Amino acid sequence: MIQHLADGILVGSILSLGAIGLTMVMHMLRFANFSHAELLSVGAYCALVFDGVFAGVHSGLAQAIGSLSLTWTLALSIIVSMAVTGFSAVAIDRLVFRRVRALGGELSMVFASFGVAMILRNILGLIFGLQAQLYSRDIVFAVMISSDPLLLIKPDQVFSLVAALVFMMILHLVLSRTTFGYALRAVAENPTLAQVSGISLQRMIILIWLIGGGLAAAAGIFYGLTNQINPVLGRDLVLPIFAATIVGGIGSIYGAVLGGFLVGIASNVALLILPSGYSPAVPFLIILAVLLVRPTGLFGEERP
Amino acid sequence: MTDLALEARGIVAGYVPELPILRDVHLQAARGRVTVIIGPNGAGKSTLIKAIAGLVPVSAGTVMLGDQDITNPRPDTMGAAGVAYVPQTDNIFRTLTIRQNLELVLRNAGADRAARLDALFGQFPPLAAKQKEKAGALSGGQRQFLAVAMALAIRPSVILMDEPSAGLAPKAAQEVLGMARALTEDGVTIILVEQNVRQALRIADHCFILADGQNQVDGPAADLMNDPIVGQIYLGGKRVAPA
Amino acid sequence: MIGVISYLVFFSTVAAILAIAVLGLNLQWGNTGLFNGGVVAFFGAGAYATLIFGGTPQEGQLGGFALPYPLALLGGMFVAGVMAWIVGILTLRLRHDYLAIATFGVAVAFENLMRNAEALAGGAQGLRGFERPLFDALGGGLAYNSLFLICVLVLLLAVYVFLERLIRSPFGRLLRAIREDETAARSLGKNPARIRLTSFITGSVIMGMSGGLYGTFYAFISPQDVLPILTFQIWAMLIVGGAGNNRGAVAGAFLIWGAWTASGWALSRFAPQEVQLYTGSVQFILIGFVIVGMLLWRPQGLFEEKLVVSQQGRTATKELQGDRR
C-alpha cells in the first residue's frame, strides 16, 4: 500500500507538470490538445541528445551526482531541453495551430492536435528508434526506507519529485508575486478585459506555450529518469494528463497540480485491486467519475 | 470651435461585416467634457464605444484621437495611446486582489509604480482599506470605483465608460456618475454610455442620441433635457424633468 | 488475372466496410459537429459483440451463443449503441472537447479491456471460433468473397440512403440548426443535448455495423484490430472526402485505404531491410500530414459539395482575431 502511494506521488508530480501546460492551453485556446503529451517525449529525447553533447564537450561533467544516476550533464540538459521544447511548442503553434485557429473552429484544432501528435511521435521513433533508452546505464539500487511495510525508493525518484515541486513553487511565486503572473491570471479569467488593460493576447499565448512546453519537457525527463524513454511515452501519458486537468478543472493551474497527484496516486493504488494490465484504463475511469459527479472539476468554473 | 479630444466619423461597424449594427454614426467629444450617448436598447450605444476601443471591427469610417487616426486599433495598444475603456460588466479581475488589479495595469510604470499606486489609493480611500481582498468580493459600486481606478492608472486623456451605473442602487449610481464628472476637472475627457438618462444628462455637457444604429439628435445636454419631443421619442416616452 | 480480381475483391470489401464507419462518423462530425476521438471503440464493440453473439462456444470463454447471423450483427450494433449512449449522456451537455477526451478514453479503455479480459474477449489472442455465414454452403473462395462484397456494398448503399434521407428530414434540419445556432434552437423548445445524443448514438451504431462486418470478414478479431490508428485512418478518410458530404466520405474511404495499402506495399517492396521495422512509423506520419495538411489547405475536403460544415469558432478565437489585427 505505502509503496503504491509513494510511486503514485512520484508519477503524480510528473502528471502535474504535464497538466499545468495543458490546462493553460485548453483554457486559453479552448481546445483539447492531444499533442501536449508529445512535448514530454520531445523534452525527454532532447535531454538525451544534449546529455550526449555536453558529455562529449566536457567529460568531467558526465559524473553522477551523489547517489543519483543523474549526471551534471543531464542536470544541465534539463534546463536546455525545457527551453528547446518550449520554443518547439511555440513553433508548432505558429506552423499549425495558429493557422487552423485563423480558419476558425475549435474542434478543427482538436483534430489538428491528433495529427501533430502522430507526426511528432513517429518522427521521434524514426530518429531515435522504437526501442526504449535510458539516460544512464549505471544501475542505481533502490534504498529500502522500511521493510515492513516494504518501501523501496530510488534516489532518482526523490530528485525528480523535489525538482518537480521546485518548478511548481517557482510557478506559484511567479503567479502570486509578479505582475507577469497577474497578467497570466488576468488573461485566463477575462481575455477581453486583459486586452483593454494593455495585455497582448498574442504575446501571452506565446508565453503560455513556452511555460507549458518547458514544464512538459521537465516532466518527460523525470519520467525518463525514473522509468525509461521511448517514443510512445506521450501516447501512454496523454490520457492520465487529461484526467489530471479534468479532475482539477480546466483552466485551473492549482487544480492541475492537485489533479496530477490525485490521478497518479489513484492509478497506483488501484493496482491493489486491479490486475496490472488494466492500469492504462484507470485514468479513463477517473474521467468518467469526475464527469458524473462534478464536471467542472475541483477548481474549474462553468464556462460552456 | 471647440477642441475635440475624440471624433468618430461615418462609422459602420458590427461583429460580422454582413450585419452592421452601426450605420454611418458620428460622435464628437470635446476635450475635458462629459459626452453621453443615450438611446433605446439595441440602438448600438455599447457597440459604438467598443468599436472605438477596438473590440468591434469598423468596416467604414474613421476614429480620430486629436489628429491621430486610431480606427480599428489593437485593443491592447489603446492604453498607450491614452484611451481607457471601462466595460459594463466583468470590468475587474475577480480572482486578483484589489492591489494586484492596480499593479497589473501599472506594470509598465517602472520606478513610478509605488507612487502612482499610493496616489490612486489616496483618490479612492475605500479601495485602499480593502486592497488585500479579492476584487470579486467588492460591492457593485466599489467594483465600479476599482474599474475607474484601473482606467485612471494609465493616465488616459479619454475614458470610455459603458453604463457605469448599471445595476447599482440609486445612491451608488449617483456617486459613480458624480465621480465621472469630477474627473473632467483634471482635463480628462469622458465618453459615457448610459441607460440612466435623467442622471446622465445632469452630469453631461453634450449628448448624442442613437437609435437603430444611427444618430438621431445631438446637442448640449441641458437643451435636450428640456426638449419635450426628445423626451417623448427617445427617452422612453417620459418627459425628463429639468434639473 | 484471378489473383488480381481476388485482390480487388478483398481490397474493395475492406474499403467498403471502412466506408460504412466513415459514414457513421460523418453523421457525428460532419452533420452534428461532434468530435469522436474513439471511433475504434464503437467499431471494435460491434466487431467483438458480433463474434461473441454469433460464434460457436469456446472453452473458458463467454459467448459462442451461435445466434443466427443477422441477429448477431444487430447485437453488435446494439452494444456499440449502448456504449455511445453511456459516453454521450455523460459528456454531451458539457464543453465540446470533453466528448473528444472521453471518447478517446473509451478507445484506450476498450482496447485495454479486450487485451486483458480473456474470459470475455479472448485476451491478446483475440476471438476465434466464428463461422462465417453461408461459408460452408458456398464453399469459400472467390465466389464467397464476391458475394460477401456484394452484401457489404448493399449495406453501404443502405446506410448511405438512410443518412441522405435523415439529413434531409426534419431531424436533419434540426441538426443543422443546432450546429449553427444552439441558443436559437433551444429557444424554439428543442433540446440540443438530446438531439446530439441521438445523432451520436446513430453514428456509433453505424460504426458498430462496420466493425461487425469487419469481424465477420476475417472471422477473427483481436486487440491488434482496435488500435487507435484505425480512428485516425477513418478520420483521414472523412476529412479527405469532405466533412458533411456522404459521397465524399465513401470516396475518401476508398482513396485513403488505397493509399494506405499502396504505401505499405511500396515500403515493404522497396525500402531497405533495416527500415522495414519503421514502415508503420512512416505510414503514421503520412496519415498525420494528411490530417494536418487538409485542415490547413483544404478544410472542405477534396470533393467539395453543398452542405459544407461551418465550424464557427467562438469566444477566444474571436478575441484572438482582435489581437491579430
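## Cavities

The predicted model holds six cavities of 30 Å³ or more. A cavity is a set of points on a 1 Å grid over the protein atoms alone where a 1.4 Å probe fits but cannot get out; lining residues have an atom within 4 Å of a point. Points are joined across faces, edges and corners, and a volume is the space filled by probe spheres set on them.

The largest cavity has about 70 Å³ of space. Its lining includes L51(C), Q58(C), L127(C) and R128(C). That lining splits into four nonpolar, seven polar and one charged residue. Here Ala, Val, Leu, Ile, Met, Phe, Trp, Tyr, Cys and Pro are nonpolar, Asp, Glu, Lys and Arg charged, and the others, Gly among them, polar.

The second largest cavity has about 50 Å³. Among its lining residues are N33(A), H36(A), F97(A) and W209(A). α3(A) gives the most, with three residues. Five lining residues are nonpolar, three polar and none charged.

## Strand β9(B)

Strand β9 (206-211) of chain B has five of its six residues buried (under 20% relative accessible area, 1.4 Å probe, protein chains only). Strands are DSSP runs of E, at least two residues; helices are runs of H or I, at least four.

β3(B) pairs with β9(B) in parallel over four bridges; pairing needs at least two DSSP bridges. V36(B) faces C207(B). β9(B) and β10(B) pair antiparallel over six bridges, as a hairpin with two residues between them. A211(B) bridges to Q214(B). In the turn, D212(B) has a positive phi of about 55°.

## Conventions

Residues are numbered from 1 along each chain as its sequence is written, and chains are lettered from A in the order in which they are written. Local features need pLDDT of at least 70, side-chain atom pairs count only at 80 or more, totals for chains, interfaces and linings use all residues, and side-chain values use heavy atoms, without hydrogens and water.

How values were computed. On a 1 Å grid over the protein atoms alone, a cavity is a set of points where a 1.4 Å probe fits but cannot get out, and a pocket is an open set with protein on both sides within 12 Å along at least five of seven lines; lining residues have an atom within 4 Å of a point. Buried means under 20% relative accessible area, exposed over 50%, partly exposed in between (1.4 Å probe, protein chains only).
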